[in-house]
Amino acid sequence: MKVLLLGATGNIGSRLIPALLAHHHSVVAYVRSPSKLQSLLPATLHEQILVVQGDATDSAAIKRAILEHRCEAVVSAAGVAALAPWSHGDLPVIFKAVVEGVRAAGAEGGKMLRLWVMGGQGVLKYPGTGVALSKYFPIFLEHNANLALLTSLPPNTIAWSMLCPNWMVAESRDLSLTSATLREPLDAEAGVPPRWNDSGLKHVPLVGKTLVAAMNARRYRITLEQGAEFVAGDLENGRGEWEGKAVGVIGKGVK
Ligand SMILES: NC(=O)c1ccc[n+]([C@@H]2O[C@H](COP(=O)([O-])OP(=O)(O)OC[C@H]3O[C@@H](n4cnc5c(N)ncnc54)[C@H](OP(=O)(O)O)[C@@H]3O)[C@@H](O)[C@H]2O)c1
């Protein structure tokens with residue numbers, strides 16, 4: 001698949017490059033600074049991708065990049081959600097521009113495009129309640145508005161999926177292709193965190209579910225490489241099982 005990748009100079013974006021290549025995709029990296037990207041990547045990797053300069057807040061430029069390079073899928077890891085509920089970053093503006101660019105390119109090209117975006121675990125529901133985890137941990141709330149934007153799209157507009165990890169750490173600084181797919185796989189579930197450890201503590205008034213969510217948090221730490229591998233593998237297998245879904249993930253080996 002030919003994939004337009006936004007945020008390729010970032011933590012997960014830079015891991016997505018070797019992961020996508022390992023899964024036989026062609027990569028068009030859409031970045032603000034091609035020189036920054038070049039300095040990050042091993043030359044052997046950089047020479048396998050195409051680089052387009054552009055801003056992720058520019059929906060017309062995103063649309064143009066998709067159409068000019070005949071991309072069939074977009075992966076966006078551009079922008080970072082603001083941590084505190086009262087602070088604002090540029091993610092909402094970027095997110096809207098990406099969604100609009102992908103929508104418009106699909107409409108003009110006559111083909112619905114596949115889109116993977118980054119979310120956070122807070123958009124997932126506390127299992128069995130239908131209530132978003134962010135109610136109990138009100139951080140990174142911009143992801144909630146982003147998910148609301150996706151779910152409000154008319155049917156057959158964009159085949160989107162949102163990866164919703166808790167937090168991600170680097171497994172390695174090595175961005176080469178060699179070990180790109182050698183990761184412990186993830187278990188995934190739509191809408192909720194998979195394999196949640198529930199506890200009677202949840203019944204403690206006011207703070208119960210927050211305590212249980214805090215007890216679970218560590219279990220949902222994954223690596224940037226695992227997240228990248230999950231997205232790249234899903235695009236390769238083409239089953240579309242995560243389309244229209246916010247996807248919770250956990251390492252297969254986690255108890
Ligand atoms: N890291 C985690 O543990 C974690 C966990 C859960 C969810 N997430 C979510 O995953 C996403 C990516 O996280 P990350 O840690 O990979 O972030 P990051 O390392 O800060 O990367 C952000 C990327 O966005 C790019 N960007 C920002 N503004 C842009 C613009 N106007 N035009 C083009 N590119 C722009 C940056 O490019 P420049 O290099 O040019 O600045 C960079 O490549 C975020 O939404 C985050 O909330 C992250």
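A polar contact here is a pair of N or O atoms within 3.5 Å; within protein, one must be able to donate a hydrogen and the other to accept it, and residues adjacent in sequence count only if both atoms are side-chain atoms. This is a predicted model, where local features need pLDDT of at least 70, side-chain atom pairs count only at pLDDT 80 or more, and totals for chains, interfaces and linings use all residues. Residues are numbered from 1 along each chain as its sequence is written, and side-chain values use heavy atoms, with hydrogens and water left out.

View 1. Met168 brings a backbone N or O atom to 2.8 Å from an oxygen atom of the ligand. Ala56 also uses a backbone N or O atom, 2.8 Å from a nitrogen atom of the ligand. At Asp55, a polar side-chain atom lies 2.9 Å from a ligand nitrogen atom.

**View 2. The shell around the ligand.** Here we meet 24 surrounding residues, each with a heavy atom within 4 Å of the ligand. Among the closest are Thr9, Asn11 and Arg32. Helix H1 (11-22), helix H5 (91-109) and strand E9 (167-169) each supply at least two shell residues; helices (H or I, at least four residues) and strands (E, at least two) are DSSP runs, numbered from the N terminus.

**View 3. The whole chain.** Stepping back, we can count eight helices and twelve strands. The C-alpha trace spans about 55 × 40 × 35 Å along its principal axes. Of the 255 residues, 50% are buried, meaning under 20% relative accessible area (1.4 Å probe, protein chains only).
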